[in-house]
Amino acid sequence: MTMKYPSLDRLLESIGSVFDAYSVVLFCRNSSGTFDLTSSFSLGDSIRKGLTIEQGHGLVGWILKNDSPLVVEKFDEKNTFLGYYGSEQDEQIKVFVGCPLPGGAGALCMDSKKTYAFTSKDQRVLSLFALVVSAVMSDVGEGGVSSHEQALYRVLQQVYALREAHPKWTDFLNRYLALLAGASGYEYAFLVVSDEWGNNYLLEGSNKPFMPETFAARQAFSTGSGLLGWVFKKNQPVFFGDGKSELGRTPLFGRDIPGPVLNTLMAFPLKVHTRCRGVLVFGDRESLVISGELRAFAHMAADYLALFLENLYLRSKVRRFAPTSALDPGDAPDFDNPDYHP
């Protein structure tokens, strides 16, 4: 049997909460070349304990055999076999999504009883979780999860709980950025968002004051200038952190625009409705090395924010075009309140 990792149980529970999944399962390769159910989370009690499966056995086995992600949106219980529930159980699963761990080490999968519960973006976020799971197992195998890594997992749990605890956009964003800055140890965590046409962007929020007091509030910056403008245009992330080089000569917002000189940077484009509508930035004035665990954490936090903004966009669009009688007043945020809409 493979090793047990108690910390993974908490991580899988967090994954289930983030995606509102019914079950989340992790299978890992053992010494004999088959795959053990290493950790699981479920709202029910039908997952088989002490389970070992082979490549090609059920949907999970397909992922393990082909080393490829899989999404099943139209679920036929008679002909589609998951591989981790008892055969006598009728779980009424509607959607399944799973992805392989790096190096063929296993598979991370989840399911739901809700039709069309998972999107392609959810699958991408799940693949990032798979990287974190792999890192956890690697570190445990080398003697235990580092205290910093444990702190990152705890912060992720807090990040994913913010949306429900703080429905107001400004409250959510302030706490979100504060959590990211604290977890990363970076001096700054901030968000910039584009205007309606995508020609300019502005500083939406930061964990602490970013610009000099003399600089105009809500100043617009051109997407045609500066490093952040490049991220908007190319819709590509930027990482700068080898512990030696200096980024200072590359302006973030454009020439002659004041602000701290950042020599360590992670900038993630936030794609909303097919376009880059924002950039989440981690930065520090010191030249630091970006660790793999920190990059994975920041990537997941960015994808979560993009998913949140995507949901805001879609719900705003529904409110704009749906008949008033068809809307439940408690089903959507108050988008007429300027304090909410990003």
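The model is predicted: local features require pLDDT of at least 70 and side-chain atom pairs count only at pLDDT 80 or more, whereas totals for chains, interfaces and linings use all residues. Residues are numbered from 1 along each chain as its sequence is written, and side-chain values use heavy atoms, with hydrogens and water left out.

The secondary structure of the protein chain consists of seven helices and twelve strands; helices (H or I, at least four residues) and strands (E, at least two) are DSSP runs numbered from the N terminus. The chain has 342 residues, of which 48% count as buried. Buried means under 20% relative accessible area, exposed means over 50%, and partly exposed lies in between (1.4 Å probe, protein chains only). Of the contacts between residues at least 6 apart in sequence, 58% join residues at least 24 apart, a contact being heavy atoms within 4.5 Å.

Six strands form an open antiparallel sheet in the order β3-β2-β1-β6-β5-β4. Two strands are taken as paired if DSSP finds at least two bridges between them. The edges are β3 (52-53) and β4 (70-72), each of which has a single partner strand, so one side of each is left without a neighbour in the sheet. Strand β4 runs antiparallel to β5 (residues 95-100) and is joined to it by three bridges, with Val72 opposite Phe96 of β5. The loop between β6 (106-112) and α3 contains Thr115, which is partly exposed at a relative accessible area of 48%. Apart from neighbours within four places in sequence, Thr115 is in contact with Lys94 and Val95. The C-alpha atoms of Thr115 and Lys94 are separated by 5.4 Å, although the two residues are 21 apart along the chain.

Helix α6 (residues 226-234) has Leu227, Leu228, Gly229, Val231 and Phe232 as its buried residues. These residues pack against β7 (188-194), β8 (200-206), β9 (220-222), β10 (238-240), β11 (264-272) and β12 (275-284). Just after α6, Asn235 takes a positive phi of about 55 degrees.

In soluble globular proteins, nonpolar side chains tend to be buried together. A nonpolar core is here a set of buried Ala, Val, Leu, Ile, Met, Phe, Trp, Tyr and Cys residues joined through side-chain atoms within 4.5 Å. The largest such core has 66 residues, and Ile15, Leu108, Tyr176 and Leu305 have the most contacts inside it. Helix α7 provides the largest share of this core, 13 residues. A second, separate core of 22 residues includes Phe35, Ile47, Leu82 and Ala107.

Grid points are joined across faces, edges and corners, and a volume is the space filled by probe spheres set on the points. The structure holds one cavity of 30 Å³ or more, and the largest cavity has a volume of about 40 Å³. Its lining is formed by Val18, Phe19, Val125, Tyr160, Met300, Asp303, Tyr304 and Leu307. Helices α1 (6-19) and α7 (292-321) each supply at least two of the lining residues, and the largest share, four residues, comes from α7.

Helix α7 contributes the largest share of the pocket lining, seven residues.

Key
On a 1 Å grid over the protein atoms alone, a cavity is a set of points where a 1.4 Å probe fits but cannot get out, and a pocket is an open set with protein on both sides within 12 Å along at least five of seven lines; lining residues have an atom within 4 Å of a point.
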